Amino acid sequence: MGYVTRIVIIGGGPGGYEAALVAAQLGAEVTVVDCDGLGGASVLTDCVPSKTLIATAEVMTTFDSSYEELGIIVADDTPPLHGAPRVVGVDLGKVNRRVKRLALAQSHDIASAVTRAGATVMRGRGRLDGPQTAEGTRTVVVTAADGTEQRLTAEAVLVATGARPRELPDAMPDGERILNWTQVYDLDELPRELIVVGSGVTGAEFAGAYQALGSTVTLVSSRDRVLPGEDPDAAAVLEDVFRRRGMNVMSRSRAQSVKRVGDGVEATLTDGRVITGTHCLMAVGAIPNTSGMGLEEAGVKLTESGHIWTDKVSRTSASGVYAAGDVTGIFALASVAAMQGRIAMYHFLGDAVAPLNLKTVSSNVFTDPEIATVGYSQADVDSGRIDARLVKLPLLRNPRAKMQGIRDGFVKIFCRPGTGIVVGGVVVAPKASELIHPISIAVDNNLTVEQIANAFTVYPSLSGSIAEVARQLHNRKAGGQDQGLS
């Protein structure tokens, strides 16, 4: 029997379990050390639960924003019938029970796939024990819930321990009225008045979702606009939609403290203003799970923010130690974590591998409308990091959008002048997460706007706007005039 490479993976999220599948398939002896359940925060407390909650909110919003225009009537059978005809509500307890059930089912499916591939799953917390040995191995100490320890030896270790919600000293979550995003699924009743502190992706997604479910929402944003890290045109559309639907968006406002007062909460801003509500959701960023893991003693370099430094093939500064996912601070996306984990295993086990290319990453903000992006951004163009042309086409001009009662959103594509090669794009629309894919393919394969324009699209369809934007960019490159129909 030949020598078998031993690999220990600390953390069972997308970075960890995807790496385990690859390593096992390539013949390594793989042990995954996990303390919460495979799938990690992405499956158990973040991505899967939040998008399940948002799916319910999406149905509510779609109905609420278009039922009158589309001619739909929902009538209550209680008099007077001439009163407000719409009677639509949500049972948050039932929604959250479904959220948890789906998350656990997904975690179970992942665990089954990993064990079927031949990997071993150990329940416990893992940490590195000192530097690499003279034989080129690393030791991982696994501490079980009962305090017992077990030592594992491996030729390579992948750290994929993720991140946890950042907490403010004067706004500590209590799991009842002041919540972080992992605690909202324990609510049995819909918050009547919800204060959301933080207007990044997490804050915007939850603010939009709870507003759609029926909460009165106040969004506290410390920046000039919501989603400060996203495309400015897209953020402007979303903020306009939020305000139009009745959300109180407080720009350039920073929360200093949040405290419980009776059956509600009181948020004090740095300028002295006080906001009251029934609940408060803190969405002020995340902290990498790197403390108490023996990383620096093992030679692993951490950044000032506490994240693990990695190169483009997921290597850390310590020989034989790799890292993947939110713990690296690259992109807080499950898709990026999974790619980092796979790349790490391909690299260590000598398989063909391409370095991580962040300019081909597509991402999505699951608000309503959704915001999907790929490749170079408006900020890259405005700052001169890349020379690119762009065209933005509102969905209002799309026939399918008109049929569906869609008023908000657009398609924007960036291409290189001269060659017309597509280098980036933004879609703001319902199901933008699906519509971004053709632009992602174009970016990944260096396709031109002419190639995108010449591919057939279904008529009528929202994707027709992608082809139309490509045609306009091609016409501009060729000196022609825009027609503006899709």
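**View 1. Helix α1, residues 14–25, in a predicted model.** Helix α1 has twelve residues. From its first C-alpha to its last it reaches 16 Å, close to the 16 Å expected at 1.5 Å a residue. The expected span is 1.5 Å times one less than the number of residues. Helices (H or I, at least four residues) and strands (E, at least two) are DSSP runs, numbered from the N terminus. This is a predicted model: local features need pLDDT of at least 70, side-chain atom pairs count only at pLDDT 80 or more, and totals for chains, interfaces and linings use all residues. Residues are numbered from 1 along each chain as its sequence is written, and side-chain values use heavy atoms, with hydrogens and water left out.

View 2. Ten of the twelve residues of α1 are buried, so the helix is largely enclosed by the rest of the structure. Buried means under 20% relative accessible area, exposed over 50%, and partly exposed in between (1.4 Å probe, protein chains only). The buried set is P14, G15, G16, Y17, A19, A20, L21, V22, A23 and A24. Contact means heavy atoms within 4.5 Å. After α1 comes G27, with a positive phi near 95°.

**View 3. Strand β5 and its partners β4 and β6.** Five of the six residues of β5 (residues 138–143) are buried, so this strand is largely enclosed by the rest of the structure. Two strands pair if DSSP finds at least two bridges between them. Strand β4 (residues 125–128) pairs with β5 in the antiparallel sense over four bridges. R127 has V141 in β5 as its bridge partner. Strand β6 (residues 149–154) also runs antiparallel to β5, joined by six bridges. Here V140 stands opposite L152 in β6. The hairpin of β5 and β6 has five residues between the strands, and G147 takes a positive phi near 95°.

**View 4. An open sheet of five strands.** The order is β9-β16-β10-β11-β12, with parallel pairing. The edge strands, β9 (178–179) and β12 (248–250), each pair on one side only. Strand β11 (residues 216–220) runs parallel to β12, and three bridges join them. T218 has N248 in β12 as its bridge partner. Helix α5 (residues 201–213) lies across β10 (193–197), β11 and β16 (279–282). The helix runs at about 165° to β11. Axes are lines fitted to C-alpha atoms, for helices over the stretch in contact, and angles run from 0 to 180 degrees between N-to-C directions.

**View 5. S440 in helix α11.** Helix α11 covers residues 437–444. S440 has 10% relative accessibility and therefore counts as buried. S440 touches S362 and V374, not counting residues up to four places away in sequence.

**View 6. The protein chain as a whole.** The chain holds 13 helices and 23 strands. Along its principal axes the C-alpha trace spans about 80 × 65 × 45 Å. Buried residues make up 49% of the 486.
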